[in-house]
Amino acid sequence: MSELRELYQQVILDHNKQPRNFRALEGATHSANGHNPLCGDRIKVYAKVGNGLVEEATFEGTGCAISKASASMMTGVVKGKSLEEVARIFDNFHRLVTGDPKANTESLGKLAVFSGVCEFPARVKCASLAWHTLQAALTRAGSTISTEGSGAEDTVG
Amino acid sequence: MSSFDIEKIRADFPVLRQKVHGHPLVYFDNAATAQKPRIVLDAIQSFYVDYCANIHRGVHYLSEQATSLYESARGRIARFINASAPEEIIFVRGTTEGINLVASTFGRTRVGEGDEVVITEMEHHSNIVPWQMLCEEKGAKLRVVPMDDRGELRMEEYARLLNGRTKLVAVSHVSNALGTVNDLPQMIRHAHDRGIPVVVDGAQSVPHLKVDVRKLDADFYAFSGHKLYGPTGVGVLYGKRALLEAMPPYQGGGHMIHTVTFEKTTYGELPHKFEAGTAHIAGGIGLGAAVDYLEAQGLERLLAYEDELLAYAEKALAQVPGVRPVGTARHKASVVSFLVGDVHPHDVGTILDQEGIAIRVGHHCAQPVMEHYRVPATCRASLAFYNTREEVDALCRGLRKVKEVFG
């Protein structure tokens with residue numbers, strides 16, 4: 001059970017049950033669809049960017065507990081961050097969930113609850129789907145990304 | 001479950017002996033691929049160790065031996081599904097290639113602009129996409145037989161869909177996502193009454209039913225070796241001889257020809273006409289060994305045990321709080337598809353895996369079925385004759401643990 005408890009920490013279960021910022025965003029400047037065809041997860045991430053900062057981010061869709069909690073926490077964390085900071089956090093988060101020893105857990109703050117994911121390789125895509133989708137939204141509006149793409153820079157995992 | 005010596009059977013499957021995450025492996029993903037008995041592994045190894053050679057062209061000893069074993073496997077597989085001759089057994093990579101072969105040869109010559117191809121709502125993607133591609137190419141229309149909420153095809157709708165423009169029916173014998181056993185005899189009769197040929201996706205039926213292609217009067221019947229306790233990468237397309245003979249070849253190359261000049265090539269006889277290139281020789285021989293195993297154990301005995309186990313599993317799962325079955329057809333084989341409360345199947349799969357239990361979670365390559373039930377995915381436990389009641393009990397305990405984790 002211990003690895004499972006590591007994966008499904010209370011914070012994650014809580015965000016799964018009551019996802020924050022779980023809605024379409026009126027006046028969004030950026031949005032993108034994310035799709036994991038292997039498990040059927042589909043999300044849409046919205047962002048409102050002004051003065052180089054993410055003023056607000058929201059999401060909609062269906063997914064497992066890990067992908068939903070990750071999206072929920074992400075939308076909170078990126079609020080008020082610059083696009084460069086968002087990219088840096090994502091990079092660090094990706095290191096965390098793939099078990100890269102260079103991950104800086106401290107700087108991730110609350111997102112460190114996803115550290116258990118690295119013990120479950122099949123679930124890395126779930127944890128990173130929302131982040132990849134946000135990245136796609138911020139870099140080119142209105143695109144769809146898939147976890148099973150072929151060699152595209154926004155391919156997940 | 002009486003005289004059935006399950007421990008003896010399990011001992012024939014080396015992979016089942018292991019522990020996963022500290023628990024004995026419980027393998028309930030048989031609809032994805034079944035495990036292989038020792039006799040199959042030995043047959044594959046023996047080809048490479050004892051008589052590895054190419055077939056049908058050597059005059060030397062090893063080649064003759066390999067050819068004879070490969071062709072003998074074809075013959076045993078033909079008898080296993082009661083084909084009228086070994087030539088009606090075309091070796092392919094699997095069910096998917098079998099269906100694609102029919103679509104791109106028989107389908108291409110038979111279906112034209114304005115014609116219709118009938119499939120069903122419960123098909124696996126491999127029995128949807130090839131027909132969709134064919135219809136797009138020809139300007140034909142794909143018509144879909146709907147199913148009800150139990151997961152049974154609506155036969156009155158099926159009868160209504162067949163008309164003068166229908167050129168072909170493609171249907172699965174057993175649904176991989178729901179376990180529904182379709183009333184194939186009736187469906188084939190209806191189609192034949194109107195002179196319409198029927199292609200059957202037999203991927204899930206050949207391992208779990210006694211299949212007699214002649215009694216069914218199926219025109220084509222495709223299945224995979226690896227779901228029938230044989231190796232991956234090999235499967236079978238059965239076709240009625242007259243149809244196969246009239247069809248253009250599938251791929252061009254070596255072995256499928258009679259004579260080749262730059263002006264004109266004449267094609268080989270059945271089954272070689274459809275088997276260009278060097279075959280998966282070890283695969284064909286391994287699949288022959290799998291069939292031998294099933295016959296030696298007594299297929300009917302194995303299937304009777306499996307049916308009892310399925311009934312036990314359905315009853316046991318129904319008693320786990322929060323478990324909801326998806327697909328409750330009156331006639332089912334091997335598969336139990338279900339949901340656990342509002343927990344996403346992917347999370348259920350991870351928690352069960354920690355208990356050493358392997359099930360499939362996802363859309364099972366049957367997205368229209370998920371669409372029907374308005375769910376993104378289901379959990380699927382698929383049984384084989386080497387599974388036990390104790391394993392079903394372990395699954396139920398694992399599902400209670402899902403509740404514990406998710407509260």
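## Two helices of chain B side by side

In chain B, helix H4 brings B:Ile99, B:Asn100, B:Ala103, B:Gly107 and B:Arg108 to meet B:Pro130, B:Trp131 and B:Leu134 of helix H5. Two residues are in contact when their C-beta atoms, placed from the backbone, lie within 7 Å. By class, this contact of H4(B) with H5(B) holds 5 nonpolar, 2 polar and 1 charged residues (Ala, Val, Leu, Ile, Met, Phe, Trp, Tyr, Cys and Pro are nonpolar, Asp, Glu, Lys and Arg charged, the others, Gly among them, polar).

The model is predicted, with local features needing pLDDT of at least 70 and side-chain atom pairs pLDDT 80 or more, while totals for chains, interfaces and linings use all residues. Residues count from 1 along each chain as its sequence is written, and chains are lettered from A and ligands numbered from 1 in the order written.

H4(B) covers residues 95-110 and H5(B) residues 129-138; their axes come within 9 Å and cross at roughly 25 degrees (axes are lines fitted to C-alpha atoms, for helices over the stretch in contact, with angles from 0 to 180 degrees between N-to-C directions). That angle makes H4(B) roughly parallel to H5(B) (under 35 degrees is roughly parallel, over 145 roughly antiparallel, 65 to 115 roughly perpendicular, the rest oblique). The crossing of H4(B) and H5(B) is right-handed (the near helix is turned clockwise from the far one by less than a right angle; anticlockwise is left-handed).

## The two domains of chain B

How is chain B divided? Domain 1 takes in 6-30 + 298-406, and domain 2 takes in 41-295 (the bounds come from an automatic or database assignment). The C-alpha centres of domain 1 of chain B and domain 2 of chain B are 28 Å apart. Where these two domains touch, domain 1 of chain B supplies 23 residues and domain 2 of chain B supplies 21 residues.

On the domain 1 side of this contact in chain B, the elements giving two or more residues are helix H11 (299-318), strand E14 (335-340) and helix H13 (367-373) (helices, H or I of at least four residues, and strands, E of at least two, are DSSP runs numbered from the N terminus). H11(B) gives the most to that side, with 5 residues. The residues on this side of domain 1 of chain B sort into 12 nonpolar, 7 polar and 4 charged.

## A sheet and the helices across it

Next comes a sheet in chain B. Its 4 strands form an open sheet in the order E13-E14-E17-E16, with antiparallel pairing (strands pair if DSSP finds at least two bridges between them). Strand E13 (323-325) and E16 of chain B stand at the edges with a single partner strand each, so one side of each has no neighbour in the sheet. On average, neighbouring strands of this sheet are turned by 35 degrees against each other, direction ignored.

E16(B) is joined to the antiparallel strand E17 (residues 378-382) of chain B by 3 bridges. Which residue of E17(B) is the bridge partner of B:Gly362? That partner is B:Thr378. H11(B) lies across E13, E14 and E17 of chain B, and runs at about 10 degrees to E14(B). H12(B) lies across E14, E16 and E17 of chain B, at about 160 degrees to E16(B).

## H11 and H14 of chain B

H11(B) packs with H14(B) at an angle of about 25 degrees, their axes being 10 Å apart. H11(B) is therefore roughly parallel to H14(B), and the crossing of these two helices is right-handed.

From H11(B), B:Leu309, B:Tyr312, B:Ala313, B:Ala316 and B:Leu317 meet B:Arg389, B:Val392, B:Asp393 and B:Cys396 of H14(B). The contact of H11(B) with H14(B) counts 7 nonpolar, no polar and 2 charged residues.

## Where chain B touches chain A

Between the chains, 15 residues of chain B are in contact with 14 residues of chain A. On the chain B side, two or more residues come from each of helix H12 (345-354), strand E16 (360-362) and helix H14 (389-406). H12(B) has the largest share of that side, 5 residues. The chain B side divides into 7 nonpolar, 7 polar and 1 charged residues.

## A helix pair in chain A

In chain A, the axes of helix H3 (residues 65-77) and helix H6 (residues 124-139) come within 6 Å and cross at roughly 40 degrees. H3(A) is therefore oblique to H6(A), and H3(A) passes H6(A) in a right-handed crossing.

Residues of H3(A) in this contact include A:Ile66, A:Ser67 and A:Met74, and those of H6(A) include A:Cys126, A:Trp131 and A:Leu134. By class, the contact of H3(A) with H6(A) has 9 nonpolar, 2 polar and no charged residues.
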